[in-house]
Amino acid sequence: MAKIKHARTLRQFAAERGAVSVINELQDPAQSDRSVAIVGAAYMDLVLLEVIGSRLPRRDAAVIKELFEDRGQLQPFGARIQLGFLLNAYGVGIYQDLRAIKDIRNAFAHSADAMDFDHPDVARLANGLLLAKKKIKYGDQPEPATPRERYVREVVLLAD
């Protein structure tokens, strides 16, 4: 089986695709809820990797690759969320929001059932996202009114 090539860093991603295209994809009503949940979390994972990398006192490319790629100890999104928190990259509110984004992604990625943002568990997590609840204006975008819109707004604000 051929190995699927994917961006390993935010810079590589930006050069190949660009953040604007991801935000446009997340805001596209034609995209499925599953796609929005998974792509939004994957983008947050790249952003988080960049944040963690900027806080490491030593940047040995071989060690970083071993830890963060190919089943390394810090390859899982959850491990990166915890490490970023321990490195003081963000406070407890953002830490909880990142964990909620991970849980939403997992609900969509690991369920064979039809899943959408109106599912009670997913809606509860999305409606509880801190930045989306603070009614932070983002350009000319209207205030998010649905769990999906809150999730998208959270990803956009965190990535910014």
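Student: Are Arg80 and Asp45 buried or exposed?

Tutor: This is a predicted model, in which local features need pLDDT of at least 70, side-chain atom pairs count only at pLDDT 80 or more, and totals for chains, interfaces and linings use all residues. Residues are numbered from 1 along each chain as its sequence is written, and side-chain values use heavy atoms, with hydrogens and water left out. Buried means under 20% relative accessible area, exposed over 50%, and partly exposed in between (1.4 Å probe, protein chains only). Both Arg80 and Asp45 are buried.

Student: How many salt bridges are there?

Tutor: Side chains of opposite charge can pair when their charged atoms come close. The criterion is a side-chain nitrogen of Lys or Arg within 4 Å of a carboxyl oxygen of Asp or Glu. The count is three. Among them, Arg80 and Asp45 pair at 3.3 Å, N to O. Another joins Arg148 to Asp33 at 2.6 Å, N to O; because Arg148 lies in helix α9 and Asp33 in helix α3, this pair ties together parts 115 residues apart in sequence. Helices here are DSSP runs (H or I, at least four residues), numbered from the N terminus.

Student: Which residues have the most contacts inside the largest nonpolar core?

Tutor: Such a core is a set of buried Ala, Val, Leu, Ile, Met, Phe, Trp, Tyr and Cys residues joined through side-chain atoms within 4.5 Å. The largest has 41 residues, and Met44, Leu98, Ile101, Ile104, Phe117 and Tyr151 have the most contacts inside it. Helix α3 supplies the largest share, nine residues.

Key: Helices (H or I, at least four residues) and strands (E, at least two) are DSSP runs, numbered from the N terminus.
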